Amino acid sequence: MIASTIENRDDLLVYLNAAMALEHATIPPYLTAYYSLHSSTNSDAAHIIRVTAVEEMLHLTLAANVLNAIGGTPDLTRPGFVPSYPARLPDGEDDFTVDLRPFSPEAVETFCKIERPGKAPSADSRLVKSPDRKTHFLVSSPTAEQMRFYSIGEFYEEIIEGLEKVAANDPTLFDGDPAHQVGPEYFYSGGGEVVVVSDLESAQRALRLIAGQGEGLDSGIYDADGELAHYYRFRQLQLGRYYQVGDHPGAPSGPPLSISWEDVYKVKTSVRLADYPAGSELARVARDFNADYGAFLALLTKAFNGQPEILQESVCEMFRLRDGFNRLVCTPLPGGGGLHAGPTFEIPPAAGPDAEASPGADETTRTVT
């Protein structure tokens, strides 16, 4: 059996910070696909992607609760928290890249790969050798050099087992400030509930909720709460039908989904600021969006550090970025051959935990559609 890569509290802190970065890393690709849809079209796809993005916020919150419970300090504004896209994720012995793409069969295939359960063939194959020092994986081991995990599910299993090991030797492990816990009264996602973490059992329950909703080891079509796992939500878009209770994994029998792959703005894949003409209005809008996204992350950082009451506002703020998205995705790239602009998520270094939220952040919460 392979040796544990988690030996102490410091190892757990590093792993849980990595877990938060991992959970966030799925949100920009989901939002890019969501906002690339033409208004009032593809309602089935829009609903599936939107609900999944909100549940990724739930996962981010759960990881933050576990980190806070063992005395960590969540910081979504730290350098490198937002990955440079395309980013790499494991796919068993191989890997794949996660791009910022418009809604398309390729995007849905990537989403299925992100959420696909993956159990290593044996305990000794949980960790896989990275190909080289230059390749960064979102689920690399932060304590074992040049090793990545076989799957996201195995990454979480490592943390769950590490918590048990460290807690057995450190009775003060869960000494974090209870005031920094986000309770269920501060967040509602529709699928799963926030777990307040105060001990080993609640910490493992929170992490298993993350895993069970989509990125874990195979727990079936529905999670423990009876919610359709993320992987199977996206499979519905590939198979053209909704799942019903009792269905086999590859054969949903529910109502058909209506999908139009053409009613989409053809956003340039993983567009960068360098793709926009220097000094152009388009470049300015892209930079403004990045600054607004940095302010959104700063708002979340405050929510996870003793101000949980602003978390719901933060979730609404994520969808208030819609205007910035629309200004970009509706605009053809000069000389882009019909491709459109899009957010780059290159967050400026000046964005820190004390950054001011974008205009509207302090307004009364609006209904988001």
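Trainee: Is Arg126 buried or exposed?
Mentor: This is a predicted model, in which local features need pLDDT of at least 70 and side-chain atom pairs count only at pLDDT 80 or more, while totals for chains, interfaces and linings use all residues. Residues are numbered from 1 along each chain as its sequence is written, and side-chain values use heavy atoms, with hydrogens and water left out. Buried means under 20% relative accessible area, exposed over 50%, and partly exposed in between, with a 1.4 Å probe and protein chains only. Since Arg126 has a relative accessible area of 11%, the residue is buried.

Trainee: Which residue forms a salt bridge with Arg126, with the closest N and O atoms 2.9 Å apart?
Mentor: A salt bridge is a side-chain nitrogen of Lys or Arg within 4 Å of a carboxyl oxygen of Asp or Glu. Arg126 also belongs to a network of salt bridges that includes Glu154 and Glu161. The partner at 2.9 Å is Glu158.

Trainee: How many residues apart are Glu158 and Arg126, the pair with closest N and O atoms 2.9 Å apart?
Mentor: Glu158 and Arg126 form a salt bridge with closest N and O atoms 2.9 Å apart.

Trainee: Why does the salt bridge between Arg233 and Glu55 tie together separate parts?
Mentor: Arg233 and Glu55 form a salt bridge whose closest N and O atoms are 3.0 Å apart. Arg233 lies in helix α7 (residues 230–239) and Glu55 in helix α3 (residues 43–69), so the pair ties together parts whose separation in sequence is 178 residues.

Trainee: Which residue of β2 stands opposite Asp91?
Mentor: Strand β1 (residues 87–91) and strand β2 (residues 94–98) pair in the antiparallel sense over five bridges, and two strands pair if DSSP finds at least two bridges between them. They form a hairpin with two residues between them, and Gly92 in the turn has a positive phi of about 75°. Opposite Asp91 stands Asp94.

Trainee: How many disulfides does the structure hold?
Mentor: A disulfide is a pair of cysteine sulfur atoms within 2.5 Å. Cys112 is buried at 3% relative accessibility, whereas Cys330 is partly exposed at 37%. The number of disulfides in the structure is zero.

Terms used: Helix = DSSP H or I, 4+ residues; strand = E, 2+ residues; numbered from the N terminus.
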